[in-house]
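Here are my notes, as promised, for you to read with the model open beside you.

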Amino acid sequence: MRRRAGARWHTAAGAAVCALTVAAVAALSPSSAPRHTERPGPAVAGSAARAPAKCTAPEASLRPSTADGPAVQRIKNRGRLIAGVDQNSYRWGYRDPATRELSGFDIDLVRAIAKAVLGDPDKVTFLAIPTNQRIPALEKGKVDIIARTMTINCDRIKQVAFSTAYFEAGQQVLAPKGSPVTAFDDTLKGKKVCTAKGSTGESELKHESHGASVLTVPNQLDCLVRLQLGQVDAVVTDSALAAGQAAQDPSVRLVGKPFTTESYGVAMNLGDTDLVRRVNAVLDDYRRGGAQSPWMQAYRKWLEHDLRDITAPPEPKYKD
């Protein structure tokens, strides 16, 4: 039986979702400096041509370096790192309804990068970037980095550069408890499925929809709201994001198993190779220390409750 629209909207979880949805109109963290009009740097002309002709290991990145190049110097001259993030993905990048501060696993990582480059984790201007605007924001020079649960794949490395992988996830289905949808399979036939435009989920559904009709929206949280209102029957998104959404609303659950394997990376402009190497140096330090590494501490703080049994960050891969 389909749940009535907004039946659980006034639970504590629903209130948090509503608060996050309203917060989506804000572009900057309250702790950020006033909006900068200075752009991080010009877009790189003909950048797609720089991507490798064959793609066999898209998650392989440039080896770490702490040397200052033009991109790192640009950030130092400005005195702030401009980071594109999400503010609607619970546990990853979200605006806490109580404090109005940006919080989450990705936000902690951005602050670690700012501290390494500028000596201060608070020297960050956060810009809320919709899923389908992540690559254009980098190409147009609106941000220095994107840290927004962004999957590294062969198509995207033609347009932007990535750090080494800092998390691994996979596409999975989110559905109401008691739904006949049980996995990414033919139980989706005749159902309406939501996914974010420009996401890996959209690409997978274009390849194989299993007979479902597909609704695309700017942000993944929009899919959760539509699922709660009974406007769609299921959501296809990253398992890590879906776990956070299930934590927000206990009336939904992950079904089936992840049907892809994906790596999240920090994205940058293709021309900012020195910044890629600096971010990879930060990630090396972030992973170092075993169970007490900054990575594991952030995992236990933000993700362990919903994503259990992760014992270490992904190993970095390099192409040079």
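1. Let me begin with a cysteine. C55 has a relative accessibility of 30%, so this residue counts as partly exposed. Please keep in mind throughout that this is a predicted model.

2. What does C55 pair with? C55 forms a disulfide with C154, and the two sulfur atoms are 2.0 Å apart. The link of C55 and C154 is left-handed, with -80° about the S-S bond. This pair ties together distant parts of the chain: C55 sits in the loop between helix 1 (12-23) and helix 2 (70-78), while C154 belongs to the loop between strand 6 and strand 7, 99 residues apart. C154 has a relative accessible area of 29%, so C154 is partly exposed.

3. How many disulfides does the structure hold? There are 2.

4. Are C194 and C223 buried or exposed? C194 counts as buried because its relative accessibility is 0%. C223 is buried as well, with a relative accessible area of 0%. If you number the bonded cysteines of the protein chain in sequence order, the pairing reads 1-2, 3-4.

5. An open sheet is formed by 5 strands in the order 5-1-6-15-7, with mixed pairing. Strand 5 (124-128) and strand 7 (160-162) stand at the edges; each has a single partner strand, so one side of each is left without a neighbour in the sheet. Helix 3 (residues 105-118) packs on this sheet and touches strand 1 (81-85), strand 5 and strand 6 (145-146). The direction of helix 3 makes about 165° with that of strand 1.

6. Which strand partners strand 7? Strand 15 (residues 267-269) does: the two run antiparallel and are joined by 3 bridges. In this pairing, A161 stands opposite M268 of strand 15.

7. A search of the whole structure finds 13 aromatic pairs. One of them is F105 with Y166, a stacked pair at 6.3 Å centre to centre and 20° between the planes. F105 is in helix 3, whereas Y166 is in the loop between strand 7 and strand 8 (167-169), so to speak a link between distant parts of the chain, 61 residues apart. F105 counts as buried because its relative accessibility is 0%. Y166, at 1% relative accessibility, also counts as buried.

8. A second pair to inspect is W295 with Y299, which is stacked at 5.9 Å centre to centre with 15° between the planes. W295 and Y299 are 4 residues apart in helix 9 (residues 294-302), so about one helical turn separates them. W295 and Y299 are both buried.

9. Finally, which residues form one aromatic cluster? The members are W92, F105, Y166, F167, Y264, W295 and Y299.

Notes
Residues numbered from 1 in each chain as written. Predicted model: local features only at pLDDT ≥ 70, side-chain atom pairs only at ≥ 80, totals over all residues. Heavy atoms only, no water. Pairing = 2+ DSSP bridges. Contact = heavy atoms within 4.5 Å. Axes fitted to C-alpha atoms, helices over the stretch in contact; angles between N-to-C directions. Phe/Tyr/Trp six-rings, centres within 6.5 Å; stacked < 30°, edge-to-face > 60°. Buried < 20%, exposed > 50% of the residue type's maximum accessible area, 1.4 Å probe, protein only. Disulfide = S-S within 2.5 Å.
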